[in-house]
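The sequence and structure come first.

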Amino acid sequence: MGVVVVGAGVAGIACAVELTAAGVPVRVLDRGRAVGGRMASRRIKGRPVDLGAAYFTVRDPEFAEVVARWRTAGLARPWTSELVVLDGDGRGRSAGPVRWAAPGGLRTLVSEMASGLDIELDHPVSHVGPGPVVDGEPADVVVLAMPDPQALRLVDPSSEAAAELAGREWRPVIAVAAGWESRQWPALPAAFVNDNPVLSLVADDGDRRGDGAPVLVLHSTAEVARSHDAAPGGAVPAMLDMLRRLLDVGVEPVWTHTRRWRFASPAGKRDRDFHLGDDGTALAGDGWGVSKVETAWRSGTMLGREIARRLG
């Protein structure tokens, strides 16, 4: 029967890549119109803008090989190893690992991985039951590669998977992309915004993309996202006002675009890479470990290998 992967983000696609390499039949289903999940990019005013993950880092040697392939193909580039820190004391610096970006948007990286896979987009899934079955169709294994709250909606409340998924808090974020006629802020790649009631991150998308476009992407705090869940656009004025205070941007943007992420990141971490139950239902994503793009890739990859071992 093969494996059904529900979710075409980096974890689901990485899992499908491993299964395909092992000769295991696999289908990927996703309710969206494109692969990528929270590595989402949208074309706005003729250029891609990253509205989900801001960047990714590389520590795992195997993931480094994948990133090297992306770099050779011109899909990824090292961006910065130092971010600005904005807080009540002013402006500081935060050194760290190299943050990587994608000139064509982070979604292009998932698209590259997905090449040649059997993927059905615009395909919502309603229920994953014992067997396992996906909306009544049997499979050897079903992988739910998505945030816990979304996976919990699909499984039986009494299932082993439900026990793994229940009771974990996830933080929401509202992302606002804003464009100006010209750059209105001091040079920065991106900034962590600490102890702020409105903003958590500001990323210079022109610097990140490498084209110098006067575009910023703002991430809200979880509190702001929760208070504007029903109408995310209502958060834009407060977010732009806080940007003016932090970076002295006195000119209104000529356009804005808003994206709500109800389950942007888990509040805690897990010590396992994935879950593979005796009932054939499996779980993967950046919620397994520390929430990062690399974590999602590793989670899907390790799960794919374990499923192939079990089915072999």
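Arg262 has a relative accessible area of 38% and is therefore partly exposed, a class that lies between buried (under 20% relative accessible area) and exposed (over 50%), computed with a 1.4 Å probe on protein chains only. The model is predicted, so local features need pLDDT of at least 70 and side-chain atom pairs count only at pLDDT 80 or more, while totals for chains, interfaces and linings use all residues. Residues are numbered from 1 along each chain as its sequence is written, and side-chain values use heavy atoms, with hydrogens and water left out.

**Salt bridges**

Arg262 forms a salt bridge with Asp229, and their closest N and O atoms are 2.7 Å apart. Arg262 lies in strand E16 and Asp229 in the loop between helix H7 (222–227) and helix H8 (236–247), so this pair ties together parts that are 33 residues apart in sequence. Asp229 is also partly exposed, at 26% relative accessibility. The term salt bridge stands for a side-chain nitrogen of Lys or Arg within 4 Å of a carboxyl oxygen of Asp or Glu. Helices (H or I, at least four residues) and strands (E, at least two) are DSSP runs numbered from the N terminus.

The whole structure contains 24 salt bridges. Three of them are tabulated here.

| Pair | N to O distance | Relative accessibility |
|---|---|---|
| Arg262 and Asp229 | 2.7 Å | Arg262 38%, Asp229 26% |
| Arg272 and Glu164 | 2.6 Å | Arg272 40%, Glu164 24% |
| Arg245 and Asp241 | 2.9 Å | Arg245 62%, Asp241 27% |

The side chains of Arg272 and Glu164 meet in a salt bridge at 2.6 Å. This pair links distant parts of the chain, with Arg272 in the loop between strand E16 (255–266) and strand E17 (275–276) and Glu164 in helix H5 (residues 160–165), 108 residues apart. Arg245 and Asp241, by contrast, both lie in helix H8, 4 residues apart, or about one turn of the helix. Arg245 counts as exposed at 62% relative accessibility, whereas Asp241 is partly exposed at 27%. A network of salt bridges links Arg47, Asp50, Asp205, Arg208, Arg209 and Asp211.

**Strand E11**

In strand E11 (residues 141–145), 5 of 5 residues are buried. Val141, Val143 and Ala145 point one way, and Val142 and Leu144 point the other way. In a regular strand the side chains alternate between the two faces of the sheet.

Strand pairing requires that DSSP find at least two bridges between the strands. Strand E1 (residues 3–6) runs parallel to E11 and is joined to it by 4 bridges, with Val3 partnered by Val141. E11 also pairs in the parallel sense with strand E18 (residues 281–284), again over 4 bridges. There, Ala145 has Ala284 as its bridge partner.

**Nonpolar cores**

A nonpolar core is a set of buried Ala, Val, Leu, Ile, Met, Phe, Trp, Tyr and Cys residues joined through side-chain atoms within 4.5 Å. The largest has 44 residues, and those with the most contacts inside it are Val3, Phe56, Trp70, Val143, Leu303 and Ile307. Elements that give two or more residues to this core include E1, E11, E18 and helix H9 (293–311). Not counting residues up to four places away in sequence, Phe56 touches residues including Phe63, Val67, Trp70, Trp100, Leu109 and Val293, where contact means heavy atoms within 4.5 Å. A second, separate core of 25 residues includes Trp180, Val193, Leu240 and Val249.
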